[in-house]
Amino acid sequence: MPRLLAPLLVFLLTLASLPGHAQGNGVEAVVYNAVDRFLATQTQGLPGRVSSSIGTLDPRTQLTPCPAVEAFLPNGARLWGRSTVGVRCNAPAGWTVFVPVTVSVMGNYLVSARPLAPNQPLQAADVALASGDLATLPAGVVTDTGQLVGKSLRNAIAAGQPIRADQLIAPLVVRQGQPVKLVSQGAGFSVSAEGTALSNAAEGQPAQVRTANGQTVSGTARAGGIVEVSF
């Protein structure tokens, strides 16, 4: 008899050690399954290798059986790092619960290979590739060297620091005080005039220009000292 009881005891101890929602049954199991399916669908487009884990409901939560549940992302939440997924019951006497989740995204990102000065045009030798959980890094971390081409840094950064998109400055195509050409095109017409830039602007940024008669106009900066104006 002891020989038969031993395997059963091991099985019961193993079952007791599983996470709470692994043992869930009934409506709680339905909630966890809905969250699991939601995570699988919503994280498909994320970069890198995605993994996720589901936390447990508050043990005091009491849920009545529900014929149809729906998982959703609460306002302001995103499936990145520590987050929350909501599950609502669509029955007339419905309920809503929120389940903690953690989403990890393992991938490559760029760090400074050495201390970098502000306004220094970036080159491939200035950065190095690092790997880690992107969800734990600052927002907007750069993952592709193509994002650095022709750009410089807004501020100095130390060696080994992740490079963020908001730290990058595109090269100026229009500088304050520079003579520029104002160009306006429309259906069946094209007009150009000369002016003086009143502000600095990178490609695609707004720029203000003073015309020869003293009028101030706004347009979009383009390469070659051109400002496009729409009427």
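Mentor: One term to start with: a residue counts as buried under 20% relative accessible area, exposed over 50%, and partly exposed in between. By that scale Arg-114, at 38% relative accessibility, counts as partly exposed. Keep in mind that this is a predicted model.

Trainee: Which residue does the side chain of Arg-114 meet in a salt bridge?

Mentor: Asp-126, with 2.5 Å from N to O. The pair links distant parts of the chain, 12 residues apart, although Arg-114 and Asp-126 are both in the loop between E4 and strand E5 (127-133).

Trainee: And Asp-126, buried or exposed?

Mentor: Asp-126 has 2% relative accessibility, so it counts as buried.

Trainee: How many salt bridges does the structure hold?

Mentor: There are 6. One of them joins the side chains of Arg-60 and Asp-58, at 2.7 Å from N to O. Arg-60 counts as exposed because its relative accessibility is 69%. Asp-58 has a relative accessible area of 34%, so it is partly exposed.

Trainee: What does Glu-228 form a salt bridge with?

Mentor: Arg-222, and the closest N and O atoms are 3.3 Å apart. Salt bridges with shared partners also bring in Glu-203, so that Glu-203, Arg-222 and Glu-228 make one network. Glu-228 is partly exposed, at a relative accessible area of 37%. Arg-222 is partly exposed too, at 27%.

Trainee: Where is the bridge partner of Arg-222?

Mentor: In E14, and the residue is Ile-226. E13 and strand E14 (residues 226-228) pair in the antiparallel sense over 3 bridges. They form a hairpin with 3 residues between them. In that turn, Gly-224 has a positive phi of about 85°.

Trainee: What about E12 and E13, how do they pair?

Mentor: Strand E12 (residues 206-211) and strand E13 (residues 216-222) are antiparallel, with 5 bridges. Arg-210 stands opposite Thr-216 in E13. This is a hairpin with 4 residues between the strands, and Gly-214 in the turn has a positive phi of about 90°.

Trainee: Which strands make up the closed barrel?

Mentor: The barrel has 5 strands, in the order E9-E10-E12-E13-E14, and its pairing is mixed. Neighbouring strands of this sheet are turned by 50° against each other on average, direction ignored.

Trainee: How many bridges join E9 to E10?

Mentor: 8 bridges, between strand E9 (residues 179-186) and strand E10 (residues 189-197), which run antiparallel. One example is Val-183, whose bridge partner in E10 is Ser-192.

Trainee: Which way do the side chains point in a strand?

Mentor: In a regular strand they alternate between the two faces of the sheet.

Trainee: Changing topic. How many disulfides does a search of the whole structure find?

Mentor: It finds 1. Cys-66 and Cys-89 form it, with their sulfur atoms 2.1 Å apart. The pair links distant parts of the chain, 23 residues apart. Cys-66 is in the loop between strand E1 (49-54) and E2, and Cys-89 is in strand E3 (residues 81-89).

Trainee: Are those cysteines buried or exposed?

Mentor: Cys-66 and Cys-89 are both buried.

Trainee: Why is the disulfide right-handed?

Mentor: Because the torsion about the S-S bond of Cys-66 and Cys-89 is about 95°.

Trainee: Why is the pair edge-to-face?

Mentor: Planes over 60 degrees apart count as edge-to-face. The planes of Phe-72 and Phe-98 are at 80°, so the pair falls in that class. Phe-72 is in strand E2 (residues 69-72) and Phe-98 in strand E4 (residues 96-112), 26 residues apart.

Trainee: And how do Phe-72 and Phe-98 come out for accessibility?

Mentor: Phe-72 is at 15% relative accessibility, so it counts as buried. Phe-98 has a relative accessible area of 46% and is partly exposed.

Trainee: What lies over the face of Phe-72?

Mentor: Arg-88 does, at 3.8 Å from the ring centre.

Conventions. Residues are numbered from 1 along each chain as its sequence is written. This is a predicted model: local features need pLDDT of at least 70, side-chain atom pairs count only at pLDDT 80 or more; totals for chains, interfaces and linings use all residues. Side-chain values use heavy atoms; hydrogens and water are left out. Rings of Phe, Tyr and Trp (its six-membered ring) pair if their centres lie within 6.5 Å; planes under 30 degrees apart count as stacked, over 60 as edge-to-face and the rest as tilted. Helices (H or I, at least four residues) and strands (E, at least two) are DSSP runs, numbered from the N terminus. Buried means under 20% relative accessible area, exposed over 50%, partly exposed in between (1.4 Å probe, protein chains only). A charge sits over a ring if NZ of Lys or CZ of Arg is within 6 Å of the ring centre and within 35 degrees of the ring normal. A disulfide is a pair of cysteine sulfur atoms within 2.5 Å. Two strands pair if DSSP finds at least two bridges between them. Axes are lines fitted to C-alpha atoms, for helices over the stretch in contact, and angles run from 0 to 180 degrees between N-to-C directions. A salt bridge is a side-chain nitrogen of Lys or Arg within 4 Å of a carboxyl oxygen of Asp or Glu.
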